[in-house]
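Please keep the sequence and the coordinates at hand while reading.

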Amino acid sequence: MKKISILSLFFFCISFFSFADTIKIVTTTSDMKSIAEFVGGNKVSVTSIATGYQNPHFVDPKPSYIISLTKANLFVTVGLDLETGWSPQLLSSSRNTKIQKGSSGYVDASEGVNLLQVPTAANRAEGDIHIYGNPHYWLDPLNGKIIARNIANGLERVDPSNKSFYEANLVSFNNKIDLKLKEWQGKMAAYKGSKIIAYHNEWVYFETRFGLQIVDFMEPKPGIPPTPSQLVKVIKEVTANKIKVIISSPYFTTSSSDVVSKQTGVKELTMATSVGAFDSVKDYFSLFDYNIDNLITALK
Amino acid sequence: MKTTPPPVTQQTRSSLSFNPDIGVIGDFRGSYISKGQKNFDLYLNETEVSLQATVDPYARADFFLSFGRDPETGKYGVEVEEGYLTTLSLPARLQLKAGRFRSAVGRVNTVHPHALPFIDMPNAYVNYFGEEGLKDEGLSLSWLLPTKAFYQELLFQVTSGYSESPAFARSEGNRLLYVGHLKNFFTLNDDNTLELGLTGISGPNDSARVSNMGVVDITYKWKPVKLNTYHSLTWQSEFYFNHQNLMDNYSMSSFGMYSFIQYQLAKRWFLTGKYDYAQKPFDKTIKENAFSLTAGWYATEFSKLEFETKTTDDNIDKRFYQAWLRWIFVIGAHGAHQY
């Protein structure tokens with residue numbers, strides 16, 4: 001009996017200390033959180049500032065987010081100015097020198113990503129453009145591997161003793177991506193070249209990877225709400241190209257695509273832009289499972 | 001099928017120059033007042049130039065230069081609206097600010113006017129701090145309390161009293177202006193937040209004696225996380241308690257407050273109703289009551305157009321009416337606003 005209690009005390013201590021030793025990661029978005037959990041395993045505890053059903057451009061910098069940042073060992077950002085309206089302010093208010101830009105605990109997950117839609121000129125007459133390129137790169141599963149590599153690099157900087165553990169997790173994450181990508185591309189093969197309309201310009205990486213063709217956007221320019229003339233243009237395009245679906249995101253209203261749908265019969269589909277957008281989108285893999293299955297249903 | 005990721009190469013993601021982030025904010029206005037000789041006016045109220053950058057691993061610097069119009073003479077003048085250094089690496093969750101900055105009083109005083117949801121400043125605020133507000137030169141130390149359940153920040157500021165405000169003046173002697181502020185921020189749930197602020201101010205007044213003030217601010221916000229760009233509501237109130245020592249054995253206490261509700265009707269449309277109550281600090285028997293309504297059209301993050309009407313009653317003059325039109329536009333870098 002005594003043996004058992006000593007043993008349980010021993011395990012209690014181990015679990016207590018391993019909990020106390022976890023690397024605290026704060027990510028800006030839920031996709032970064034999901035990938036950080038795959039790479040970090042039980043050595044990390046991860047919180048995300050933005051939820052999966054929230055517009056990552058416009059997160060309100062609530063002071064309460066600062067509380068988790070003050071204690072973080074690692075900060076992971078999507079980068080490319082996606083979070084420019086809120087994360088720099090939270091970061092400098094955190095008073096945590098370990099996670100400031102340039103410090104070992106700062107991870108810009110976009111490092112090394114092959115960027116699409118890099119503008120040749122910075123001109124706000126074009127709407128909300130991103131001077132470094134389109135920042136929605138996590139919607140290509142192969143970029144998930146680059147994100148994972150960047151997070152692993154960050155973890156190995158702040159916790160070098162567990163390097164082999166993170167590397168092993170990285171390998172199994174990459175293998176799972178390769179495996180799932182075959183499955184996803186197989187499912188999408190029949191729909192290659194399908195023309196669709198999107199609400200906002202945030203699908204270019206997804207579109208490129210899975211061979212879709214986004215003909216136009218509901219927004220006349222990124223960040224500018226749909227105008228009557230844009231709706232007329234979209235209605236014409238839907239009819240001319242026999243477009244089957246308008247894709248949108250949880251944080252946009254459907255009132256304008258409802259109009260187009262009523263006029264043309266085109267289907268409307270709210271896709272998951274991030275992990276947690278819907279209850280069934282629990283991690284980075286189910287993000288693509290959800291989007292591909294629903295898109296195929298709409299394109300059938 | 002290509003399944004290997006492209007080679008990981010280092011890419012430059014920030015322009016390779018040490019120039020600070022530069023922004024220019026224009027504030028164009030039209031105004032109407034029902035009393036006096038001149039009833040209508042059109043003017044570029046202010047041009048604000050912001051220059052912001054990290055100094056070195058230990059600090060960042062923020063400068064806001066204001067090119068403003070003197071309402072009396074119509075002449076433009078340049079003023080350092082704010083110019084301060086903020087430390088980035090103090091231990092024990094401390095942050096030190098040095099320079100000229102907006103004092104940590106309530107909610108309105110720390111916000112640049114172009115970011116407020118109304119055009120005129122609250123009556124009580126103007127009575128105590130003037131149109132320009134309380135901004136002064138000195139040191140500000142902020143401490144983030146280790147409270148886990150909610151956000152708590154304590155600020156203590158010591159400044160020299162350069163700020164020309166009705167309630168406080170620069171001492172000819174050695175008296176300084178002290179400000180203490182406790183900010184409490186509660187996340188009720190994902191969509192609802194509450195902020196309660198307590199401010200104490202003590203400093204020299206123009207009677208070469210001391211004025212003391214207490215300010216309480218309460219802000220409730222509803223902003224649904226999912227559709228936060230379409231609908232939101234803010235209810236913000238501030239209460240000002242002032243006590244001025246004017247002569248030996250003679251002092252005056254006065255009170256003022258404002259309360260506004262801002263409702264976001266649609267992605268670009270905002271409506272703000274504000275109530276003002278103010279006793280004059282020099283004579284509390286003079287009381288002002290005012291109601292105003294502001295409609296705002298926020299075209300993008302970089303420009304907004306607002307129209308405000310206001311009715312003011314006091315117990316001396318007859319009722320008068322005011323209206324303003326304001327067009328705010330930003331070029332260059334645009335810093336984030338506080339929540």
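The sections below take up the basis of the description, then chain A, then chain B.

## Basis of the description

The model is predicted, and local features need pLDDT of at least 70, side-chain atom pairs count only at pLDDT 80 or more, and totals for chains, interfaces and linings use all residues. Residues are numbered from 1 along each chain as its sequence is written, with chains lettered from A and ligands numbered from 1 in the order in which they are written.

## The sheet of chain A

Chain A holds an open sheet of four strands in the order E2-E1-E3-E4, with parallel pairing; strands here are DSSP runs (E, at least two residues), as helices are (H or I, at least four), numbered from the N terminus, and two strands pair if DSSP finds at least two bridges between them. Strand E2 (44-48) and strand E4 (106-108) of chain A form the edges, each pairing on one side only, and the twist from one strand to the next averages 20°, where axes are lines fitted to C-alpha atoms, for helices over the stretch in contact, and angles run from 0 to 180 degrees between N-to-C directions.

Within this sheet, three bridges link strand E1 (residues 23-27) of chain A in the parallel sense to strand E3 (residues 74-77) of chain A, and Ile25(A) stands opposite Leu74(A) in E3(A).

## Helices of chain A

Helix H2 (residues 30-40) of chain A packs on the sheet, where it touches E1, E2 and E3 of chain A, and its direction makes about 175° with that of E2(A). Helix H5 (residues 141-158) of chain A lies across E1, E3 and E4 of chain A and runs at about 165° to E3(A).

H5(A) also packs with helix H6 (residues 163-188) of chain A at an angle of about 175°, their axes being 10 Å apart. The two helices H5(A) and H6(A) are therefore roughly antiparallel to each other, a term used for angles over 145 degrees. Among the residues making the contact are Leu142(A), Ala148(A) and Leu155(A) of H5(A) and Tyr166(A), Phe173(A) and Ile177(A) of H6(A), contact meaning that C-beta atoms, placed from the backbone, lie within 7 Å. By class, ten nonpolar, two polar and six charged residues take part in the contact of H5(A) with H6(A); Ala, Val, Leu, Ile, Met, Phe, Trp, Tyr, Cys and Pro count as nonpolar, Asp, Glu, Lys and Arg as charged, and the others, Gly among them, as polar.

## Antiparallel strands of chain B

In chain B, strand E9 (residues 192-204) and strand E10 (residues 210-222) run antiparallel and are joined by 13 bridges, with Leu198(B) opposite Val216(B) in E10(B). The hairpin of E9(B) and E10(B) has five residues between the strands, and Ala208(B) takes a positive phi near 60° there.

E10(B) pairs in turn with strand E11 (residues 232-247) of chain B, in the antiparallel sense over twelve bridges, and Tyr220(B) stands opposite Trp235(B) in E11(B).

Conventions:
Two residues are in contact if their C-beta atoms, placed from the backbone, lie within 7 Å. Angles under 35 degrees count as roughly parallel, over 145 as roughly antiparallel, 65 to 115 as roughly perpendicular and the rest as oblique.
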